[in-house]
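Have the model open beside you as you read.

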Amino acid sequence: MMERLTDSELMKACVARMGTRLEPEEERALRQWWEREHGQRSTYANALLSIPESEWGAAILHHPASSHPWYGRLAREVDVREYATFLLENAPYPSFLPLIQRTLDLPLGDTARAAVLRNIQDELEPVPHADLMRRLFLAVKTKAGPGVSITSYPSLVNRCLVLYYGYYREPWNLVGALYATEAIAHYRLENMGQGLERLGFEAADLEFIRIHLACDDDHADDWNKNVIGASVRLDPRVRVPIAEGIAAALETSGRYFDDLCRRAAHVDSTAEVRS
C-alpha cells in the first residue's frame with residue numbers, strides 16, 4: 001500500500017507536473033489537502049460572499065495580508081542574504097503565465113476571455129516576464145554569495161498549494177487567487193523594489209518590478225470587472241469558488257508572512273544575545 005504523500009512531497013509533484021496532469025494518487029492528495037485546509041469556508045470568504053463583487057477589491061485591500069509588515073521589512077531592514085533566502089525559498093511558487101493560461105479552459109464569455117488574453121499578452125511584453133523574474137533571482141543570488149540556507153515549512157507549502165489546487169482541480173478558484181494576487185501586487189512590489197535599491201541593485205535587475213508596478217493595478221481592475229463580474233453574470237454559481245480562491249490566497253499568504261516575521265525576529269534576538 002502506497003504511503004500518503006506529505007504536503008511537501010505533494011507540492012514537489014505539482015511543480016514537476018506543470019503542463020501535464022497529476023497522477024491519480026497526487027490528484028487525490030491535492031483534493032484531500034484542500035478539504036483539510038479549506039473545506040470549511042472561512043469567515044473572510046463568507047464576508048466576501050455577503051457583498052457585491054464590485055466591492056471585493058476594497059475588501060482585499062483591507063485584509064492583513066495585503067500590506068503585511070514583512071514587505072516593510074524587505075524595504076527597510078533585510079540584508080541581501082535574507083532577501084535571497086526569501087526569493088529562493090519561493091522557487092516552488094508557480095509562474096503566473098501558465099496559471100492565467102489555465103483559466104482559458106473555463107467556459108468564459110467573450111468579455112472575460114478578452115480580458116484574460118490581454119493579461120497574457122502583457123505577461124509577454126516587452127519580453128516574457130518569467131525571464132525578467134529569473135534575471136532578478138539570479139542577481140540577488142549572485143550578490144548574496146554561496147551558502148544561502150533554504151528551508152521549506154508548512155505555511156510556505158500551503159501558500160503554493162492554493163495556486164496548484166486551482167491550476168489542477170478548480171480553475172474558478174484559481175481566478176479568485178489570481179485576482180487577489182494582482183490586487184495586492186502594487187504594495188508588495190513597491191516595497192520589494194525599495195529594498196533592492198537600498199541594497200544597491202542595478203535598474204536592469206529591477207525591470208520585472210518596474211513593469212509590474214505600471215500594469216498590475218490595471219490588471220486587477222480588468223480581472224474584477226471583466227473576468228469575475230462578467231463571469232458571475234453569466235453563471236452566478238461561479239461566485240463561490242472565486243470568493244474561496246481569494247480567501248485562501250490571502251489567508252495562506254498572511255500566515256507565511258507571519259512566519260517570516262517570526263523567523264526574522266528570532267534571528268535578530270539571537271544576534272543580540274551573541275553580541
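1. E35 comes out at 47%, so it counts as partly exposed. Bear in mind throughout that this is a predicted model.

2. Staying with E35: its side chain meets that of R31 in a salt bridge, at 3.7 Å from N to O. Both residues sit in helix α2, 4 residues apart, or about one turn of the helix. R31 is also partly exposed, with a relative accessible area of 30%.

3. Which residue does D7 pair with in a salt bridge? The partner is R36, and the closest N and O atoms are 2.6 Å apart. D7 belongs to helix α1 (residues 7-17) and R36 to helix α2 (residues 24-38), so this pair ties together parts that are 29 residues apart in sequence. D7 has a relative accessible area of 23%, which makes it partly exposed, and R36 is partly exposed too, at 44%. E37 joins D7 and R36 in a network of salt bridges.

4. The structure holds 17 salt bridges. Another one to look at is R102 with D105, where the closest N and O atoms are 2.9 Å apart. D105 is exposed, with a relative accessible area of 57%.

5. Now the inside. The largest nonpolar core has 88 residues, and L30, I60, W70, Y83, Y179 and I246 have the most contacts inside it. Helix α14 (residues 239-274) gives the most to this core, with 11 residues.

6. I246 deserves a click. Leaving aside neighbours within four places in sequence, what does I246 touch? Its contacts are Y44, L48, W56, I60, G176, A177, Y179 and A180. I60 and Y179 are themselves among the residues with the most contacts inside the core.

7. On to the largest pocket, which has about 880 Å³ of space. It is lined by 33 residues, and Y93, P94, F96, M133 and F208 are the closest to its centre. By type, the lining divides into 22 nonpolar, 5 polar and 6 charged residues.

8. Which helix gives the most to that lining? It is α9, with 5 residues. Helices that each supply at least two lining residues include α6 (80-89), α7 (96-102), α9 (129-144) and α10 (154-168).

Methods: Residues numbered from 1 in each chain as written. Predicted model: local features only at pLDDT ≥ 70, side-chain atom pairs only at ≥ 80, totals over all residues. Heavy atoms only, no water. 1 Å grid on protein atoms, 1.4 Å probe; cavity = no way out; pocket = protein on both sides within 12 Å on 5 of 7 lines; lining within 4 Å. Points joined across faces, edges and corners; volume = space filled by probe spheres on them. Nonpolar A, V, L, I, M, F, W, Y, C, P; charged D, E, K, R; others polar. Core = buried A, V, L, I, M, F, W, Y, C linked by side-chain atoms within 4.5 Å. Buried < 20%, exposed > 50% of the residue type's maximum accessible area, 1.4 Å probe, protein only. Contact = heavy atoms within 4.5 Å. Salt bridge = Lys/Arg side-chain N within 4 Å of Asp/Glu carboxyl O.
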